Amino acid sequence: FIVASQPGGIADLTPRLLAPRLREGLGQPIVIENRPGGGIVSGGETVAKAPPDGYTLLSATPQVAIVQSMVKDLSFDPRRDLAPVSLIGVIPNMLLVAPNRQQKTLAELVAFARANPGKLNYSSTGAGTAVHLSAELFKYYAGIDMVHVPFKGAAAAMTALMSGTVDVTVDTLSSSISHIRSGKIRPLAVFSAQRAAPLPEVPTMMESGYKD
């Protein structure tokens, strides 16, 4: 079971939850292997070029649909070389800030960013990932400038946020909720159409004025 990122993100957590059940159902041992690099490129290439015998799986995020628009001369074609097996879940992204930020709301963050273009930076799990593009869409609609700092996985991006090395990040609800509840990071908005049930107090982007 190939994970195209470092340990800690949703692409890594999901197969680790599934592996025991898959082992029971298939009667086969499941080995989870992390292959970070180039977003989904390294892991996706590994699976695409593996023998087509059903023994190699990819934990795929939306980046499997994004990568062809982001990477020139990609060594594999996700539509041709990968076969979708099952949708595991739909997990919203969250806009999060470091605990030392004075901004308590999305409006306050946008006001600061507009007054200080380029001064804020944000981490992501890698260029071309869904969280990276979520942040870029937010920048576009808010009319602000933040510097992108890409990492190879969610754990590294989150560590940078909690340490104050970066000011903002976008991460999935599943990966970030324990840090939110412990007060190590602060959520400002969720990117889904409705509020997330585990964090009903966090407004959506649409509620915050960004209808698209």
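Me: Which residues is Thr204 in contact with, leaving aside its neighbours within four places in sequence?

Reply: Contact means heavy atoms within 4.5 Å, and by that rule Thr204 is in contact with Ala189, Val190, Ser192, Ala193, Gln194 and Arg195. Thr204 has its place in the segment after β8 (186-190), where helices (H or I, at least four residues) and strands (E, at least two) are DSSP runs, numbered from the N terminus. This is a predicted model, in which local features need pLDDT of at least 70 and side-chain atom pairs count only at pLDDT 80 or more, while totals for chains, interfaces and linings use all residues. Residues are numbered from 1 along each chain as its sequence is written, and side-chain values use heavy atoms, with hydrogens and water left out.

Me: Is Thr204 buried or exposed?

Reply: Buried means under 20% relative accessible area, exposed means over 50%, and partly exposed lies in between, with a 1.4 Å probe and protein chains only. Thr204 has a relative accessible area of 2% and is therefore buried. Glu201, which also lies in the segment after β8, is exposed, because its relative accessible area is 52%. From C-alpha to C-alpha, Glu201 and Arg35 are 36 Å apart in space, and they are 166 residues apart in sequence.

Me: How should I read strand pairing, and what is the order of the open sheet of three strands?

Reply: Strands of a sheet pair through backbone hydrogen bonds, either parallel or antiparallel. Two strands are taken to pair if DSSP finds at least two bridges between them. Here the open sheet of three strands runs in the order β2-β1-β3, with parallel pairing. Its edge strands are β2 (33-34) and β3 (58-59), each of which pairs on one side only. Strand β1 (residues 2-3) is joined to β3 in the parallel sense over two bridges, and Val3 has Ser59 of β3 as its bridge partner.

Me: In which sense do β4 and β8 pair?

Reply: They pair in the antiparallel sense, over four bridges, and Met94 has Val190 in β8 as its bridge partner. Strand β8 is mostly covered, with five of its five residues buried.

Me: Which residues of helix α7 are buried, and what covers them?

Reply: In α7 (residues 154-162) the buried residues are Ala154, Ala157, Met158, Ala160 and Leu161. They are on the same side of α7, because they cover an arc of only 155° around the axis, the arc being that of the directions from the helix axis to the C-beta atoms. What covers these buried residues includes β4 (93-97), β5 (121-124), β7 (168-172) and α8 (173-181). Just after α7, Gly164 takes a positive phi of about 85°.

Me: What does Ser134 touch, not counting residues up to four places away in sequence?

Reply: Ser134 lies in helix α6 and touches Asn93, Val170 and Phe191. At 12% relative accessibility, Ser134 counts as buried. Leu137, in the helix α6 (residues 130-142), is partly exposed, with a relative accessible area of 48%.

Me: Which partner does Lys139 have in a salt bridge?

Reply: The partner of Lys139 is Glu136, with the closest N and O atoms 3.2 Å apart. Both residues lie in helix α6, three residues apart, which is about one turn of the helix. Lys139 counts as buried at 12% relative accessibility, while Glu136 counts as partly exposed at 27%.

Terms used: A salt bridge is a side-chain nitrogen of Lys or Arg within 4 Å of a carboxyl oxygen of Asp or Glu.
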